[in-house]
Amino acid sequence: NDQTLQPRPYMAIGLQTAIGDNNQLKPHLHTDLGLGLIARISEKQRLFISAGLVWQNNRFEIKGDNYFVTENETSRLVPYGKPLKSSKLRLHYLIIPMELQKKIRESHIGIGCYFGALIDATQKIKYEENDEDYKLVLRNNLKPNRATYGVSAQIGYGGLAIYAKYSLAPLFQHTPTEIHPLSIGVSFYLN
């Protein structure tokens with residue numbers, strides 16, 4: 001495309017896991033939805049820079065009958081006290097991604113970084129008691145990091161790419177071990 005600056009609606013879906021979680025979190029769905037701009041910075045080198053605004057949805061399924069609590073400013077997994085049908089953690093961020101891309105014919109490779117702010121954090125717990133199903137939604141006292149930042153890379157063809165993102169910011173402000181989200185998936189540029 002000969003345009004110098006063009007808008008790019010963006011969607012991504014992938015699998016998210018955590019590094020440093022002592023194998024307590026199961027890989028789960030990761031989604032992004034956003035709008036970006038891409039600008040050519042070198043016609044000869046076929047270099048482009050992109051930036052945008054993205055709604056990022058991080059989800060983690062917690063193994064066993066555990067859930068996150070915060071005691072003395074430290075977030076940790078503890079047993080709930082009852083058998084759980086499910087225990088999930090969901091965090092929503094508003095992200096500003098920036099990336100340098102090189103186009104090679106119809107293919108492209110890119111490396112970048114992102115910065116963002118936490119919008120919402122919830123924990124959902126489901127259990128059964130006396131043949132009744134219960135669902136608790138916990139929002140208070142989780143103490144996740146309010147800011148996130150990390151690195152990203154992608155390789156693609158046309159409007160489709162395989163991406164990887166790693167958060168350099170730990171998931172929580174204080175934990176016995178630092179938990180860092182890692183996502184790998186497929187992104188779609190809708191133009």
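A salt bridge here is a side-chain nitrogen of Lys or Arg within 4 Å of a carboxyl oxygen of Asp or Glu. Glu-129 makes one with Lys-82, and their closest N and O atoms are 2.8 Å apart. Glu-129 lies in strand S8 and Lys-82 in the loop between S6 and S7, so this pair ties together parts that are 47 residues apart in sequence. Strands, like helices, are DSSP runs numbered from the N terminus (E, at least two residues, for strands; H or I, at least four, for helices).

The model is predicted: local features need pLDDT of at least 70 and side-chain atom pairs count only at pLDDT 80 or more, while totals for chains, interfaces and linings use all residues. Residues are numbered from 1 along each chain as its sequence is written, and side-chain values use heavy atoms, with hydrogens and water left out.

Back to that first pair, and to how open its two residues are. Glu-129 counts as partly exposed, at 29% relative accessibility, and Lys-82 is partly exposed too, with a relative accessible area of 28%. On this scale, buried means under 20% relative accessible area, exposed means over 50%, and partly exposed falls in between (1.4 Å probe, protein chains only).

The whole structure holds seven salt bridges. Among them is the one between Glu-73 and Lys-143, where the closest N and O atoms are 3.6 Å apart. Glu-73 is partly exposed at 43% relative accessible area, and Lys-143 is partly exposed at 27%.

Another salt bridge joins Glu-128 to Lys-85, with 3.6 Å between the closest N and O atoms. Glu-128 is partly exposed, at 41% relative accessibility. Through shared partners, salt bridges join Lys-85, Glu-128 and Asp-133 into one network.

Two strands pair if DSSP finds at least two bridges between them. S8 (residues 107-129) runs antiparallel to S7 (residues 84-104), and 20 bridges join them. Along this pairing, Leu-94 has Ala-117 in S8 as its bridge partner. S7 and S8 form a hairpin with two residues between them, and Arg-105 in the turn has a positive phi of about 55°.

S8 also runs antiparallel to strand S10 (residues 147-157), joined by 11 bridges. In that pairing Ile-111 stands opposite Ala-153 in S10. With strand S9 (residues 132-138), S8 pairs in the antiparallel sense over seven bridges, and Tyr-127 has Tyr-134 in S9 as its bridge partner. S8 and S9 make a hairpin as well, with two residues between the strands, where Asn-130 takes a positive phi near 55°.

Finally, a look at strand S1 (residues 5-19), which is where Leu-15 is placed. Setting aside its neighbours within four places in sequence, Leu-15 is in contact (heavy atoms within 4.5 Å) with Pro-27, His-28, His-30, Leu-182, Ser-183 and Ile-184. Leu-15 and Phe-115 are 100 residues apart in sequence, and their C-alpha atoms are 20 Å apart in space.
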